[in-house]
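Subject: Structure for your review

Hello,

Here is the structure you will be working with.

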Amino acid sequence: MKCYRKILRTPWTARRTNQNILQELGMKERQLLKNIKQQKLKYFGHVVRHNNLEKLCLEGAVEGRRGRGRPRRRWTQDISDWLGFSVREASILAQDRDGFRSSVWEATSYKDPP
């Protein structure tokens, strides 16, 4: 919604509802987040199906101790949250393209709460 408000040049102090913003843009639902999720999940499936440097980076672990504070949100955490599987299960599912596509479609086709 922040991106949509920037597009319309609406200040954050303006008391306008999200529905009002979407209506002004001529949209029924939030498409931007849906597109981002779709592209991220598709790229995950692409990376997992091929043996390349990206796959090594995705599966690799760094030795040593982690820094202080709360752990940062990882790219793979989004994948497991959206699909409802662990990353290992999602990578096994990604080997079957049709099954993975249907899982991506189910994960990205949602209705926003009112």
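Predicted model: local features only at pLDDT ≥ 70, side-chain atom pairs only at ≥ 80, totals over all residues.

The largest pocket has a volume of about 340 Å³. It is lined by 15 residues, of which V62, R66, P71, R72 and R74 are the closest to its centre. Two elements, α4 (53–59) and α5 (75–83), each give two or more residues to this lining. Sorted by class, the lining of the largest pocket holds six nonpolar, four polar and five charged residues.

The second largest pocket holds about 210 Å³ of space. Its lining consists of F44, V48, K55, L58, E59, T76, V87, R88, S91, I92 and Q95. Here the elements that give two or more residues are α3 (31–49), α4 and α6 (87–94). Of these, α6 gives the most, with four residues. By class, five of the lining residues are nonpolar, three are polar and three are charged.

Helix α7

Helix α7 runs over residues 97–108.

Which residues of α7 are buried? They are G99, F100, S103, V104, A107 and T108. Viewed down the axis of α7, these buried residues fall within an arc of 160°, and therefore line one face of the helix. The buried residues of α7 pack against α3, α5 and α6. On the other side of the helix, D98, R101, W105 and E106 are exposed.

W75

W75 is in helix α5.

Neighbours within four places in sequence aside, W75 is in contact with K40, Y43, F44 and L58. Two of these contact residues, F44 and L58, are also listed in the lining of the second largest pocket. V47 lies 28 residues from W75 along the chain, and the C-alpha atoms of the two are separated by 13 Å.

Regards

Definitions and conventions: Residues numbered from 1 in each chain as written. Heavy atoms only, no water. 1 Å grid on protein atoms, 1.4 Å probe; cavity = no way out; pocket = protein on both sides within 12 Å on 5 of 7 lines; lining within 4 Å. Points joined across faces, edges and corners; volume = space filled by probe spheres on them. Nonpolar A, V, L, I, M, F, W, Y, C, P; charged D, E, K, R; others polar. Expected span 1.5 Å × (residues − 1). Buried < 20%, exposed > 50% of the residue type's maximum accessible area, 1.4 Å probe, protein only. Arc of directions from axis to C-beta. Contact = heavy atoms within 4.5 Å.
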